[in-house]
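This briefing concerns the sheet of a single model and the elements that build it. Please view the sequence and structure first.

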Amino acid sequence: MNAPVTDILRIQGISKTFPGEIHAVKEFSAGIQKGQVVVIMGPSGSGKSTVLRCLNGLETPDTGTIVVDGVPLDGQKKNRLWIRTEVGMVFQSFNLFPHLSVLDNLNLAQRRVRHASLSRATDNSLKLLAQVGIQEKAPFFPAQLSGGQQQRVAIARALALNPKVLLFDEPTSALDPEMIGEVLDVMKDLARSGMTMVVVTHEMGFAREVADWVVFMDQGRVIESGTPDEIFDRPQEERTQRFLSQIIWKNPRSST
Amino acid sequence: MPRSVASIPWKELLFFIAVLVTLGWVVALASGSLGYNWQWYRVPSFLFTVDDGRILPGPLVDGLIFTLQISTVSFVAAFVLGALTTAVTMSDSFVGRILSRGYLEAIRNTPLLVQIYLIYFVIGPFIGLGRFESAVLSLALFEGAYLSEIFRAGLLSIHRGQREAAHSLGLSRFDTYRFVLVPQAVRRILPPLTGETISLIKNSSLVSLVSLADLSMNARILASDTFLTFEVWFTTAGLYLLMTVPLSLAVYTLEKRFKVLS
């Protein structure tokens, strides 16, 4: 080992509570290296989405530190802005801009944040749309697309700023079953191309195939974490075993 | 879109005509029992007079023009004031929020009539405002408060996910409003905005209280001079409709243009 391995995402002891609500996070820590894919699983209310939302500044943790590629997510406006452009996010409900065409959804941030020219932004956008397999939908509006297509546009939009890390917050939970595959395929391609990803999902098939590390959370705490094989085949904690048997029972497809 | 004869809603049309006939009958009956002597032939001269081959506006058209003027100026001022108030209300500034809240509550909880008198008699002379400027200030402050609440409601009605998506794309706060939130809010605020604009035109009749010769002021003078109460006020109501109905229609067209698929 000559070159020191540095984490692109370093999370140290972040905690976050919401008055009168679940979704709290207690003392979450993780170090994620460039190109790694981390999957966070857990029952609803376990705080997994909150962890994700802290990573790009949508929520501010009560305590703990987050460092992205050496830049701390602190009170400094410059750092916060840098982190939210370098850490992209894909949402459960897509959150595409309904009044803009697919192309303009992708162009907007490139034009306003990266100050790209219209032609350069458009070239890049069309390339990304081709990458997610829907270049022909560029002039359409989000409402004219299927759920799976919308989520693929959302992934392309998050990629448009060429971020260092991509966060996925239950990206397939709002999709009809027959559309989940097309979105997972795009995500697998991304993972294999070396994108650093943190994915909150219950798709065990996806986790087995591309995750380097799986974290299981419950009630705001990490119950256990390990490689997909360790977590899925030899879970140590009773809580993990119970959860996994539940999602396999409910959704047999995800166990394959 | 061309309409075939079959698509004309005959039932609705008949119903509409029946309502008009009934209303006319009631008015005729009422004026008949009063022994009212209709003199509609005198009304055109209230609108226009011909003098030496030139057409001059009569008192009602004069008033109409003034009402349009003061409404337009007041609307522009109210729009700017409302937008600023919304921006301050939704900002992070604590003092700003308290100030805008205080302004909203003060305006919405006192009658416009009292505000017009206060500004004309107390604040106007103090800061050197004339009659017209005082009236514009009153209307702008009053409508600005309502407009700002409409703007705020429109922005708040946009799903939280839109703001979060803009955030995670690194868009600045200003760009988030300019490119993401406001364009979507425009469509939603158009109907209440139209309502407020029509209110403004109607409320402008209150400026006659500080002796500004608007449409309702001129109508009142005319009615007491000529004793043609019915003719003058029916005509006046018609003139107000002439201003407000085209506005509603124009906004209806706009609404279709700004339609967002969802």
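In this predicted model, two bridges join β4 to β5 of chain A, and these strands run antiparallel. Strands pair if DSSP finds at least two bridges between them; helices (H or I, at least four residues) and strands (E, at least two) are DSSP runs numbered from the N terminus.

**The β4-β5 hairpin**
- β4(A) and β5(A) form a hairpin with two residues between them.
- In the turn, A:D69 has a positive phi of about 50°.
- A:V68 has A:V71 in β5(A) as its bridge partner.

**The sheet**
- Four strands make an open sheet in the order β2-β1-β4-β5 (chain A), with antiparallel pairing.
- Because β2 (25-33) and β5 (71-72) of chain A each have a single partner strand, they stand at the edges, and one side of each lacks a neighbour in the sheet.

**β1 with β4, and the helix**
- Strand β1 (residues 7-16) and strand β4 (residues 63-68) of chain A run antiparallel and are joined by five bridges.
- Helix α1 (residues 48-55) of chain A packs on the sheet and touches β1, β2 and β4 of chain A, contact meaning heavy atoms within 4.5 Å.
- The direction of helix α1 makes about 125° with that of β1(A); axes are lines fitted to C-alpha atoms, for helices over the stretch in contact, and angles run from 0 to 180 degrees between N-to-C directions.
- Bridge partners in β4(A) include A:T65 for A:Q12 and A:T63 for A:S15.

**Basis**
- Residues are numbered from 1 along each chain as its sequence is written, and chains are lettered from A in the order in which they are written.
- Local features need pLDDT of at least 70, side-chain atom pairs count only at pLDDT 80 or more, and totals for chains, interfaces and linings use all residues, while side-chain values use heavy atoms, leaving out hydrogens and water.
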